[in-house]
Amino acid sequence: MHIARTIPELRDILGRHRRPAFVPTMGNLHDGHLALLREAKPLGDVTVASIFVNRLQFLPHEDFDTYPRTWDSDCEKLRSVGCDVLFAPDEKALYPEPQTCKVHPDPALADILEGHFRPGFFVGVCTVVMKLFTCVQPRFAMFGKKDYQQLMMIRHMVRQFALPIEVVGSETRRAEDGLALSSRNGYLSEAERVEAVQLSKTLQAMAQAVRDGERDLAAIESRATRVLEARGWNPDYLVLRRRSDLQPPAPGEPLVALAAARLGTTRLIDNLEIDA
């Protein structure tokens, strides 16, 4: 596996390739990331991963400084799935001067749900992804559906800028008990880890209520919120939205249930597409 620390090094390594398949990460890799690499492998003529903890997408009170950095383990895992190139710039390499030019995504999508509770988050995400895209110049870019709104945001950005990139959304990887895999699961205590599965179970209950014919979506959302609060969670949102743009749905439109909630000091997100 080649490791590039600077943009010129990366471009030199990738110069002879025309169809990179790219998996951007912030490190602290888990099986969900590795699944993206496995899916990327047959798509391109070279498989590229990046590790960069992006300061631009962290709010001042969030965990940028304490976000886990697990370099040796990450490299071992990437090698185990046949990653060809790892791009691992430091801040000076990726942002050699203050990044005053930023991507400001459509507020209709960027300022709701995650964007409402983490203002400016998607500006940071879109800016770093755009910069990584210009560095790697991928033909395929892999993103997990666990970050459902982020996936929609990246697809919208690629479409709006006519980037020659196919954004591939990969199904959420889960632990045996149903908890969505996330780097932040490592923050959970043993007791919290046992409780954490209730987030996915609550989404499943919301989906089942829809399948059973319940049409008062606000009542479903309210009931789900009360269930988690009674178990000691602090929910930011548990909502049912239409899949196409995450706006409130009209009757009969395909739905997705989305949730974000704190368990102790750890904020977890999850979602579930609802089939009719």
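**View 1. Arginine 262 sits in strand 8 (residues 255-263).** Strands here are DSSP runs of E with at least two residues, and helices are runs of H or I with at least four, both numbered from the N terminus. This is a predicted model, in which local features need pLDDT of at least 70 and side-chain atom pairs count only at pLDDT 80 or more, while totals for chains, interfaces and linings use all residues. Residues are numbered from 1 along each chain as its sequence is written, and side-chain values use heavy atoms, with hydrogens and water left out. Arginine 262 counts as partly exposed because its relative accessibility is 28% (buried is under 20%, exposed over 50%, partly exposed in between; 1.4 Å probe, protein chains only). Leaving aside neighbours within four places in sequence, arginine 262 is in contact (heavy atoms within 4.5 Å) with Trp233, Asn234 and Arg267.

**View 2. Glutamate 192 is buried without a salt bridge.** Look for glutamate 192 in helix 9 (residues 190-196). A salt bridge would need a side-chain nitrogen of Lys or Arg within 4 Å of a carboxyl oxygen of Asp or Glu. The nearest side chain of opposite charge, arginine 193, is 10 Å away (Lys and Arg count as positive, Asp and Glu as negative; His and the chain ends are not counted). Beyond four places in sequence, glutamate 192 is in contact with Tyr187, Leu263 and Gly264.

**View 3. The largest nonpolar core has 46 residues.** Such a core joins buried Ala, Val, Leu, Ile, Met, Phe, Trp, Tyr and Cys residues through side-chain atoms within 4.5 Å. Phe133, Ile154 and Leu246 have the most contacts inside this core. Helix 7 (residues 121-136) gives the most to it, with eleven residues.
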